[in-house]
Amino acid sequence: MKHLKTLSGATLKASAEKGGCGECQTSCQSACKTSCTVANQKCENKK
Amino acid sequence: MVHRFSKKDVNILVDSASGAVHLADKAAYDLCGVLSPPLPKDCPESARKKLSEHYSDEEILEAYQELYSLYKAGELFTSDYDGAETKMSLSGAPVKALCLNVSHDCNLRCEYCFAKTGDFGTGRRIMDFDTAKKAVDFVIKHSGKRRNIEIDFFGGEPLMAFDTVKRTVDYAKGLEEKHNKNFRFTITTNGLLLNDEITEYINREMSNVVLSLDGRKEINDHVRKTIVGTGCYDAIVPKMKRLVRLRDNKKDYYVRGTFTKNNPDFCEDIKEMLDCGFTNLSLEPVVLKKENPLSITKEDLSRVFEEYDRLCDLILEREKEGQNFEFFHFMIDLEQGPCILKRLRGCGAGFEYVAVTPEGDIYPCHQFVGMDEFILGNLNDGTFDVSLSDRFAAINFYTRKDCLNCWAKYYCGGGCSAANQSMNNDLLQPYELGCELERKRVECAIYLKARRMLDLQTDSN
Ligand code: SF4
Ligand code: SF4
């Protein structure tokens, strides 16, 4: 493509299928205790 | 929903619901701004006309075809996730993380402290081991099949209850095998009580340690004061340096600070932390009502945004020099971040995550402590209000109307119930100033990824 470059594809929809195991870290626990970003959490589900 | 933003000549299209991110040239960027789904196969005449002053027909049509192919591939103008899980009640969801306020006492008197200088307005107290033990039993009982369980030692200043911390860790570890659990311990400390023994202990047992420091000495000491009113910088920084130097680099740590109206130039504080040798950093806007002189208000926003931009530059600059560092709020994993279900439920306060006080009271999270109407139960009398917990479990960005219309919701997770409650008196009403800052940080995080990709490409050419 000439006008567009993709930095990352559609990763979210796919995650709905394998997701929801709940083993991941609670977001507020990790480094801040006053905030909300979830997109910086690691997924623990390696399947 | 597509969010478009430009920063330093990089034009970015964020397709919120699919998680796709594209970099566009000016023509495709402008064209995207005048389109709305569903996209027809050929470029709509109205869109072409709107741009015909600036671009040739050929350019417009070509850019359209590229946008259209992304649309067809499900990477642009995708509709919001609407899985059945969002409507599913999470009643009785397992609790998997505990914040143990082992000490409602503190050896500092920080001026912005949300815990009201450590005691949360409930009186200075240390948690005894018996209560901590009950909390561990509680989380084992309520965690169902979840294997990974987090326990954060918090306060007040948790090292004032170091004995309880140690005994709790031993107790929980002793139960891991029997119950097939994996405990992860973390601690948040102001550093004042760190000595050789405690440092060694933290580095051995805690998978993450958060060290509170606001940056430059004069900034830190202006708000982070000892009981006699002097600044704490000189007392804590050497201890923190030592802890970080001795820490296994596979284990996490964060040096975490707060910025207030006093230091809108907080990049200087980041630099100070870097000069100390710290490389995992977090610096957050203070959350205070606007009457408080330290609060960040609407008038400060443009200045703070500018500073976040400067921080992006600083990060890139240092990377070029091989001096990489992490800034917590710019860390976003675009490829393998958390699944959509996690994103739409956010922090889990009140159902997956609860905080416990020295009195054994259970609150939805550490920031709710002291708000009596939110007490979920008590460990000593065995009460637990499932209906209140279910109220929290039902929160996701589909139930927060403002979030539903926000492009950043899949990154943010729907915000902070505690901030919503204390600022707007409504769990579901986002704290708008916090949102503005959050959206800016997400833009910065995405921009950094884009910039790195572009730099890599120019390097390899
Ligand atoms: S809390 Fe604010 S920034 Fe986060 S998703 Fe909701 S509206 Fe957006
Ligand atoms: S409600 Fe706010 S402070 Fe509490 S866990 Fe959630 S994001 Fe963190």
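Good morning. I begin with a pair of side chains: Lys440(B) and Asp309(B) are joined by a polar contact of 2.9 Å. A polar contact here is a pair of N or O atoms within 3.5 Å; within protein, one must be able to donate a hydrogen and the other to accept it, and residues adjacent in sequence count only if both atoms are side-chain atoms.

The model before you is predicted: local features need pLDDT of at least 70, side-chain atom pairs count only at pLDDT 80 or more, and totals for chains, interfaces and linings use all residues. Residues are numbered from 1 along each chain as its sequence is written, chains are lettered from A and ligands numbered from 1 in the order in which they are written, and side-chain values use heavy atoms, with hydrogens and water left out.

Let us stay with Lys440(B), which belongs to helix H16 of chain B. Helices (H or I, at least four residues) and strands (E, at least two) are DSSP runs, numbered from the N terminus. Is Lys440(B) buried or exposed? Lys440(B) is buried, at a relative accessible area of 11%; buried means under 20%, exposed over 50%, and partly exposed in between, with a 1.4 Å probe and protein chains only. Leaving aside residues up to four places away in sequence, Lys440(B) touches Phe305(B), Tyr308(B) and Asp309(B), where contact means heavy atoms within 4.5 Å.

Among the surrounding residues are Cys403(B), Cys406(B), Cys412(B), Cys435(B) and Arg439(B); a residue is near a molecule if one of its heavy atoms lies within 4 Å of it. The shell comprises 4 nonpolar, 2 polar and 3 charged residues. In this scheme Ala, Val, Leu, Ile, Met, Phe, Trp, Tyr, Cys and Pro count as nonpolar, Asp, Glu, Lys and Arg as charged, and the others, Gly among them, as polar.

I turn now to the backbone. The peptide bond from Pro37(B) to Pro38(B) is cis, with omega near -5°, and Pro38(B) sits in the loop between helix H1 (26-33) and helix H2 (45-51) of chain B. Gly155(B) and Gly156(B) are likewise joined by a cis peptide bond, with omega about 10°.

Finally, Asn425(B) is not a glycine, yet has a positive phi of about 55°. Asn425(B) lies in the loop between helix H15 (417-424) and H16 of chain B, and is exposed, with a relative accessible area of 62%. Thank you.
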